[in-house]
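Here is a short note to read alongside the structure. Please keep the view open and follow the points in order.

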Amino acid sequence: MNNIKRLFQILGRWKWYYVLSGVLLILATFIRMFEPKVLQMTIDKVIVFFQTGGKVAYVPDDKITVFLYSVLPEFKIDNPELILVSLGIIFLIISLLRGMFSFSSSAITASSTEKATKNLRLRLFSHIQALPLAYHSRTPTGELVQRCTGDVETVRKFAATQVVEVIRMLALFSGAFIMMLSINVGYAFIAIFLVPVILIGTLLFFKKESQIWAEHEIRQDKLSVIVQENLSGIRVVKAFAKEKFEIDKFTAQNIEKRKWGLKLNSLHRIFWPSADFLIHTQIAVSIFYGGYLALNNQLTVGEYTAFYAYSMLVTWPMRRLGQLVSDMGMATVAINRLFSILETEQENYEGSNFSDEKLKGEIEFRNVSFNYEGSEKKRVLNNISFKVKAGEKIALLGPTGAGKTTIISLMLRFFDPDSGKILIDGVETEKYSKEYLRSRFGVVLQKPFLFSTTIKDNIAYAKPDSHIDEVVEAASAARIHDIITEVFPESYETIVGEKGVTLSGGQKQRVTIARTLLKDPDILILDDSTSAIDSETEFEIQRKLRKLMKDKTTFIIAHRITSIQDCDRIIVLDKGRILEEGTHEELIKNNGFYKKILDIQVSIEEEIDAETVSEEN
Amino acid sequence: MSKLNETKFSNDGSLYPFLKRLFTYSLRYRKWLAGFVVFVLGVAAVEAIFPLIWLSLLDNAIVPAIENNRSPSAGSVNGNPDLSLLTYYCGIIFFLGVALSGSVFMFINFAGKIQEYVMFDIRQDLFKKLQELSFSFYDKSAVGWLMSRITSDTIKVTELISWGFIEFVWGVGMIIFCITAMLIYNVKLAMIVILTIPVLTLISVKLRKLILKYSRESRRFNSEITASYNEHIVGVEVNKSMVQESRATEEFDSLSDKMRISSYKSAYYSALYQPLVIFGGSVAAALIIFYGGSMAVTFPAEISVGMLAAFFGYATLIYEPILDISRFYSQAQNSISAGERIFSLLDTQPTIKDRENATDFSEISGDIEFENVSFFYEKNKPVLENLNLKIKAGESIALVGETGGGKSSIINLICRFYEPTGGVIKIDGEDYTEKTTVSLRNKLAVVLQTPHLFSGTIRENIKYGRDDADESEIVNSLLLIGGDEFINRLDEEAGEGGEKLSLGEKQMISFARAILADPRIFIMDEATSSIDTLAEAKIQNGIHELIKGRTSIIIAHRLSTIKNCDRIIVIKKGKIIEDGSHKQLMHAKGSYYSLYTRQLREQRENEMLKC
């Protein structure tokens, strides 16, 4: 039931179109019922009338034949052609109407399905964009993409083919059944007496089938894993000359997969013929009973032929039932998986918008503690407090896992602290809307990520309508302008990524720095974003930044001491705590962690001197 | 290294060669294929005969009896009617039902077998081909892309020649049987129905082409949509920090709308197609009512009532086989690109193959010599030029220098993952291209930068080095490299790609694997990423044991590894610029000296900051 509700939710405001489409289809089906009637008329009425020279005038006994009779020209013994042509035209009109109705029905279904699917895709996309980073860090990208593409396609197919199909099957079945009832009640029930057996059989079959299918999929997955491992380790395979071993391993699993494929097939080769057998037995019994009634004058030949056509129509949905049940199973799984994404709570974007107001850049951490969801072992940040004045250049230094990146994430409200307060310009971060806050910050992330579009669009990512001069200015500041114009084939219009030019790590970092600078942020954060840039270029970038970010608060996370020693203040972190803070000089005096790192340089020189000397001796 | 282009859609011209090649696979199972065709035709025959039986039943069992009742001679004697003829015909119908079910059983059986066996065969061929192909192929092919050939592409083409082919055979059979039956009974009426076939075919071809065009377009958009999802999920942090979530969504919206439109168009023409074809059949049916009716009303009747009913039935049914054949056609069109991907892979020739008269290396001592070796991956970008290098058996060599200088190329050449584009590489004085690849690789062991393990136990992974190794040899190899801790963990699962183990553990196991192979030549590309100090010490110890007594070539990043080697070779832009022992090179104060100093500083800083 829940699944049906969810399905309706996906179909959204288009769900009524499915009803409309269903109604049209029922109409088409209803009109189709007239087609055998035309033949019945021809046989019962026309042929008997003219063959007997007009002596036997058949009295129409149901409403349809009365109706058809009324639209036919008057029966005269010399006008069989006219009557027959009229019957032919009536038949064509019926068929045309039926065609038009079924076409409009399909077109409406298609249009609604595509709209609903588009809507679903969009909903997923924007929902995923709004999901908190915590969700993204625990969900593999491949899985999300698979759901948004594969599962959406499964649902789309189900909506496109089966939703209206259910209506059609019900309509066909009940339409044909009602027509039969109107001719002969007893006969009508005889014509469907095997239906319950077929229904139960189908359900049992699909229960069994889904079990074997699951087993089959496990084999198939194992085969994929073998290929996956083999291909990603192909260098190892070749280095150890293990090709034959690998082929044997693959063959064994391939045989296993084939075995289960054949098992599945042997289930199918039992089910489908059995269903066919039952359906044909049903038809044979119907024909026999109808013939019996006809011979006893309880049924006319025309009625009998019409009945034959109806009993074909009644059994037809039975043949489709199998497909329907199996598609339904697949769609249910897909829908549930999609809803597990859609029902995950989004980030809360509420909060006061300070519109275009700039931030001064005063930041204060007051007893902030934080832990990532699920990791209970140790605190990532433990009671951290510090104050940053507007315009200060702050360096964060410390081993991996010290909590540097977490401090950044908290300022941007990717996460909220477990306890303590973070104040920006004296206001708690929770009071700002995330949108506003993030738009005032400029962060160069640790992993440089570029989109597969042009260099220009990448740099102008935050301000798509930027003038090219602004882009060039930002690129020059990040020391990437020369490379763009001299090395890249189409300068700023060069497409990067899979479909275009692959950039080196250092080039990527510089493009991301340009991207951030173009945003003209109030507070700049460089999260280890110069690691792949050589020290000379890094120095030049820093000099440029100092000019651009004059009076603006800047945070720098770096692993090289040389790149941070000019900062106004250096905060040394370890295991979520602040070890020491101060200027370069102060920290040297302090003789702590910072000093130790600095001392390495000296010790290395001594060590090397010793080595070269020992050689000389 | 650009990836091969996947979105290559073919034109109609390639349909025939594609089907021809695909069917060579099912022709391997001639008996099944023959059985398949026979029983599908059987089903079609039963379905074609069905209206005829119905016709005879009406004409022979029902109409005369009723007319008898109606005629005055029978009077009002309305006793029990004779059911024997009715029973006889219903018996035939029941028998046909049995025959039909039997045929369905048989063709499902054969179709399923053909599908599974051909799938098996294609996958075997693909996998074997993949094992043959050289590194140069793997450099430009993404794993995921290759995977999809073995998985989804194979499924697609085998469905075509099994279940898809049923529709084709059934359709053709049905048309032939119906035409034959109709011609036997009445040529004039038969012509009316037959004439509709070319018209319906024309409609089918025209509309199918339109449908195909738009469905291809929509698939192209679909792959863009997939890429877009992927990109914006991977880059979600950028979107968030730049506050661009809604713009990204807007861009996605327009892409998704493009897909909606082409997808709708394809569905629209599909929606148009079926009613149109059915209507074509109805025109024939209307003509049958007129002509057939005229024939039936004359006295004596030219045709019987039953025959009129039967022809009416044929006229309203003839569209079905045409629909089925056109479905096969479009399924085949849609499978072409999958087929092309499969066959182009099967046709790819490995760049490194044993020469015809290649002989095996027997025991070797491990001398390696590069004589004027040149090498490039791409023609206009030489990597190595006229390189000369002699490595004595048992010597250990550290290769150092900048990335892209040619270090990896040297080890790739020694392993014969690539062959030199100029010059000769000699192992124990013999040109290795005159020897078999397998015998060379059996003499060497390679440890790569990122250790790759396979699913299975730790024991199985170590045994990968040598299948016939017994338990004590495995334990010994672990003891030798200082991996005592694994001795009790041999039955532990490594997980897919070794994911259940830490990087350091994987490294140790790959050492044990290498040492178990007892190679004469040991090659290693040292990992750059740092691991914790304890593991580091163990790994150093492992390396030390491995290089003992073997010719070893190591791309070294760690200073301790470098210092452990007998000789250090500094490579820059494809040339050897320094060559000598650590002490010699330090003393020379050249580029090794500055490299060593810089690296030492970075290493110490990293030790402080990363541990």
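**Notes for a first look**

1. A word of orientation before the details: this is a predicted model.

2. Now step back to chain A as a whole. It has 21 helices and ten strands. Its radius of gyration is 38 Å, well over the 25 Å that the globule rule gives for 617 residues, so chain A is more spread out than a compact globule. The C-alpha trace spans about 130 × 60 × 50 Å along its principal axes. Buried residues account for 43% of the 617 residues in this chain. Of the contacts in chain A between residues at least 6 apart in sequence, 77% join residues at least 24 apart.

3. The domain assignment divides chain A into domain 1 (1–172 + 325–347), domain 2 (185–298) and domain 3 (363–582). How far apart are the C-alpha centres of domain 1 and domain 3 of chain A? They lie 56 Å apart.

4. Next, please look at the open sheet in chain A, where six strands follow the order β6-β7-β8-β3-β9-β10 with mixed pairing. Which strands stand at the edges? They are β6 (441–444) and β10 (577–582) of chain A; each has a single partner strand, so one side of each is left without a neighbour in the sheet. On average, neighbouring strands of this sheet are turned by 15 degrees against each other, direction ignored.

5. Helix α18 of chain A (residues 505–518) lies across β6 and β7 of chain A, and runs at about 180 degrees to β6(A).

6. Within the sheet, β6(A) and β7(A) run parallel and are joined by four bridges, with A:Val444 opposite A:Leu526 in β7(A). Strand β7 of chain A (residues 523–527) also pairs in the parallel sense with strand β8 of chain A (residues 553–557), over five bridges. There, A:Leu524 stands opposite A:Thr554 in β8(A).

7. In a regular strand the side chains alternate between the two faces of the sheet. From β6(A), A:Phe441 and A:Val443 point one way, while A:Gly442 and A:Val444 point the other way, and all are buried. In chain B, strand β6 (residues 444–447) is covered on both faces: B:Leu444 and B:Val446 on one side, and B:Ala445 and B:Val447 on the other, are all buried. β6(B) pairs in the parallel sense with strand β7 of chain B (residues 521–525) over four bridges, and B:Leu444 stands opposite B:Ile521 in β7(B).

8. Two last residues are worth a visit. B:Thr597 sits in helix α19 of chain B (residues 591–610) and counts as partly exposed because it has 16 C-beta neighbours inside 10 Å. B:Thr597 touches A:Ile604 and A:Ile608, leaving aside residues up to four places away in sequence. The C-alpha atoms of B:Thr597 and B:Ala285, 312 residues apart along the chain, are separated by 94 Å. A:Glu143 lies in helix α7 of chain A (residues 141–183). With 12 C-beta neighbours inside 10 Å, A:Glu143 counts as exposed. The C-alpha atoms of A:Glu143 and A:Ser106, 37 residues apart along the chain, are separated by 33 Å.

Key: Residues numbered from 1 in each chain as written. Chains lettered and ligands numbered in written order. Predicted model: local features only at pLDDT ≥ 70, side-chain atom pairs only at ≥ 80, totals over all residues. Pairing = 2+ DSSP bridges. Helix = DSSP H or I, 4+ residues; strand = E, 2+ residues; numbered from the N terminus. Axes fitted to C-alpha atoms, helices over the stretch in contact; angles between N-to-C directions. Contact = placed C-beta atoms within 7 Å. Rg over C-alpha atoms; globule rule 2.2 N^0.38 Å. Buried ≥ 20, exposed ≤ 12 C-beta atoms within 10 Å, placed from the backbone. Domains from an automatic or database assignment.
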